[in-house]
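Subject: Structure handover

Hi,

Here is the structure I promised to pass on. Please have a look first, then read my notes below.

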Amino acid sequence: MDDSQLQRFRDRYPRLAGEPVLLQELARQGRVVTLEAGQHICLEGNGCSHLAFPLEGVARIYKVGETGREITLYRIEPGECCILTLSCILTESPFPAFAVAEQPLTGVVVPAGVIRHWSDTLPGWRQYSWNLVASRLGDIISLVEEITFRRMDQRLERHLASRERFPPGQQVKVTHQQIATELGTSREVVSRLLKDLEQKGRVELGRGWLRVLGPL
């Protein structure tokens with residue numbers, strides 16, 4: 001890594017910017033990689049030889065059921081790393097899901113041996129990684145609660161109520177299949193529920209897009 005790349009890392013990961021040993025090893029052994037949107041980062045069952053730190057873009061971690069249906073577990077943005085990859089590195093076990101670049105992705109990859117060394121010797125790294133594990137665990141518990149205790153129409157409405165993903169009144173490019181994948185259901189179910197919301201005047205639907213019109 002050159003100085004400009006290292007500064008980008010400091011900017012994206014301020015909680016690690018005060019760890020001089022980590023930054024020195026990152027500069028020596030870190031490697032900047034780029035992936036196109038849709039390109040897989042890791043497949044289920046693969047070994048984990050590196051841990052990635054995104055600088056730009058978003059990665060999606062998801063599971064695939066026996067029927068081929070997908071469900072998103074969580075996303076990784078700049079400032080974060082994948083706790084499943086970290087767990088696999090520390091336990092030397094295979095990756096239990098799929099990871100894909102949802103947007104064009106630029107990141108720094110660090111060899112697994114370096115990550116294990118940081119975990120053994122750097123309290124700042126351990127604090128960062130455990131805080132991330134705690135945050136992700138909360139996300140996954142919320143996902144389990146959603147799947148277990150909420151009807152699909154309620155889950156869809158909560159999904160569409162995200163102002164970050166679906167700003168009210170703005171046309172958003174998204175397909176029924178993409179929403180179904182996000183929620184772990186079928187496209188037919190999502191299409192039927194969206195049609196109900198359209199008839200109630202709460203969304204507007206088009207080919208490959210939708211617009212949230214009112215409170216959900």
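Start with Thr72, which is found in strand β5. Helices (H or I, at least four residues) and strands (E, at least two) are DSSP runs, numbered from the N terminus. Thr72 counts as buried, at 7% relative accessibility. Here buried means under 20% relative accessible area, exposed means over 50%, and partly exposed is in between (1.4 Å probe, protein chains only).

The side chain of Thr72 has two partners to look at. A polar contact of 2.9 Å joins it to the side chain of Arg60. Another, of 3.2 Å, joins the side chains of Thr72 and Glu182. A polar contact is a pair of N or O atoms within 3.5 Å; within protein, one must be able to donate a hydrogen and the other to accept it, and residues adjacent in sequence count only if both atoms are side-chain atoms. Not counting residues up to four places away in sequence, Thr72 touches Arg60, Ile61, Tyr62, Leu143, Thr181 and Glu182. Contact means heavy atoms within 4.5 Å.

Some ground rules. This is a predicted model: local features need pLDDT of at least 70, side-chain atom pairs count only at pLDDT 80 or more, and totals for chains, interfaces and linings use all residues. Residues are numbered from 1 along each chain as its sequence is written, and side-chain values use heavy atoms, with hydrogens and water left out.

**Overview**

The protein has eight helices and 10 strands. Its C-alpha trace spans about 60 × 35 × 25 Å along the principal axes. Of its 216 residues, 41% count as buried. Take the contacts between residues at least 6 apart in sequence: 68% of them join residues at least 24 apart.

**Helix α5**

Helix α5 covers residues 123-149 and has 27 residues. From first C-alpha to last, α5 reaches 38 Å. That is close to the 39 Å expected at 1.5 Å a residue, where the expected span is 1.5 Å times one less than the number of residues. Its buried residues are Gly124, Trp125, Tyr128, Ser129, Leu132, Arg136, Leu143 and Glu146. What covers them includes α2, β3 (50-56), β5 (70-76), α3 (83-91), α4 and α6.

Thr148 also lies in α5. Thr148 is exposed, with a relative accessible area of 51%. Its side chain reaches the backbone oxygen of Val144 at 2.8 Å.

**Helix packing**

Two packed helices are described by the angle between their axes and the distance between the axes. Axes are lines fitted to C-alpha atoms, for helices over the stretch in contact, and angles run from 0 to 180 degrees between N-to-C directions.

How do α2 and α4 pack, and at what angle? Helix α2 (residues 20-29) and helix α4 (residues 112-121) meet at about 175°, with their axes 11 Å apart. The two are therefore roughly antiparallel. Angles under 35 degrees count as roughly parallel, over 145 as roughly antiparallel, 65 to 115 as roughly perpendicular and the rest as oblique. Leu22, Glu25, Leu26 and Gln29 of α2 make the contact with Val114, His117 and Trp118 of α4. These residues divide into four nonpolar, two polar and one charged. Ala, Val, Leu, Ile, Met, Phe, Trp, Tyr, Cys and Pro count as nonpolar, Asp, Glu, Lys and Arg as charged, and the others, Gly among them, as polar.

α3 and α4 pack at about 85°, with their axes 9 Å apart. That makes α3 roughly perpendicular to α4. Leu86, Ile89 and Leu90 in α3 meet Ala112, Ile115, Arg116 and Ser119 in α4. This contact has five nonpolar residues, one polar and one charged.

Met152 is found in helix α6 (residues 152-160). Beyond its neighbours within four places in sequence, Met152 is in contact with Leu183, Thr185, Val189 and Leu193. Met152 and Leu193 are 41 residues apart along the chain, yet their C-alpha atoms are separated by 8.6 Å.

Helix α7 (residues 176-183) buries Ile179, Ala180, Thr181, Glu182 and Leu183. Their cover includes β4 (59-64), β5, α6, α8 (187-199) and β10 (209-212). Gly184 follows α7 and has a positive phi, near 75°.

Glu92 lies in the loop between α3 and β6 (98-101). Its phi is positive, about 55°, although Glu92 is not a glycine. At 65% relative accessibility, Glu92 counts as exposed.

Best wishes
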